[in-house]
Amino acid sequence: VIDDRIVGAYISPTRDNLNVWAVSLKPGQEGQLIFNKNWSPPSEWQTGLHVIHFTGATNNGDGGTFCIWSKELRKHYGFSLDTGSYLWETDSQSYLEVYGFGSGEHSWFFAYNKLYSTGVSGILYCYDLATGETLWTYEVEDPLGEYLFANNWWGRIPFITDGKVYLGHTEHSAIDPKPRG
């Protein structure tokens, strides 16, 4: 539920169609269809097991965006909350992001007309919500690290406020012997 509408999406079991719809919550227009769009995802979605995850949405319907995440392609796909139209896809994130699924391993936040994304790679990505363009990245490097997969801390975003992105760290499967530090 966003502003004055309910927005939903359905992807077919064969991953060859994504349907995006919205109904109105405006007084006197409750239940009226605002849009009902079909989009043909990339053909890669139809090969093998392909995990699609709802990333989130802006908190405004007018001019807003919602995104979905392709785990295997490590990309976000943006859609308009005004029309349901497909807007953009991002570049692929680090190969390490394929190891995460959902909000347990990734953090996705919408703030200041941007999408912030981080996870197993320890790289924070900032995307423009109007274009999907990567505006910047930040590596959460551990200079003393002996982590099995990389030299970056596995990133988490606890919150974003006052123009700042706060980062935390998580861990999944510690190795033995344990790294120093």
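The chain exposes about 9700 Å². Carbon and sulfur atoms supply 52% of that area. These values come from a predicted model. Of the 181 residues in the chain, 43% are buried. Along the principal axes, the C-alpha atoms fill a box of roughly 65 × 40 × 25 Å. Among contacts with a separation of 6 or more, 40% join residues 24 or more positions apart.

Charge was examined next. The chain carries 12 positive side chains and 21 negative ones. The centres of the two sets lie 2 Å apart.

The secondary structure consists of 13 strands and zero helices. Read from the N terminus, the order of elements is accordingly β-β-β-β-β-β-β-β-β-β-β-β-β.

Four of these strands form an open sheet in the order β8-β9-β10-β11. Their pairing is antiparallel. Strand β8 covers residues 107–111, and β11 covers residues 134–139. Both stand at the edges of the sheet. Each has a single partner strand, so one side of each is left without a neighbour in the sheet. From one strand to the next, the twist averages 15°. In general, strands of a sheet pair through backbone hydrogen bonds, in either a parallel or an antiparallel sense.

Within this sheet, the pairing of β10 with β11 can be described in more detail. Strand β10 spans residues 123–128. Five bridges link β10 to β11, in the antiparallel sense. Cys-126 stands opposite Trp-136, a residue of β11.

Asn-113 is not a glycine, yet its phi is positive, at about 60°. Asn-113 is found in the loop between β8 and β9, the latter strand running over 114–118. The relative accessibility of Asn-113 is 63%. The cut-off for exposed is over 50%, so Asn-113 counts as exposed.

Asp-162 is the other case. Its phi is near 55°, again a positive value in a residue other than glycine. Asp-162 lies in the loop between β12 and β13. Strand β12 comprises residues 155–161, and β13 comprises residues 164–169. Asp-162 has 60% relative accessibility and therefore counts as exposed.

Taken together, Asn-113 has a positive phi and is exposed. Asp-162 likewise has a positive phi and is exposed.

Technical notes
Residues numbered from 1 in each chain as written. Predicted model: local features only at pLDDT ≥ 70, side-chain atom pairs only at ≥ 80, totals over all residues. Heavy atoms only, no water. Pairing = 2+ DSSP bridges. Helix = DSSP H or I, 4+ residues; strand = E, 2+ residues; numbered from the N terminus. Axes fitted to C-alpha atoms, helices over the stretch in contact; angles between N-to-C directions. Buried < 20%, exposed > 50% of the residue type's maximum accessible area, 1.4 Å probe, protein only. Contact = heavy atoms within 4.5 Å. Areas by Shrake-Rupley, 256 points an atom, 1.4 Å probe, with all protein chains shown as cover. Lys, Arg positive; Asp, Glu negative; His and termini not counted. Charge placed at Lys NZ, Arg CZ, Asp CG, Glu CD.
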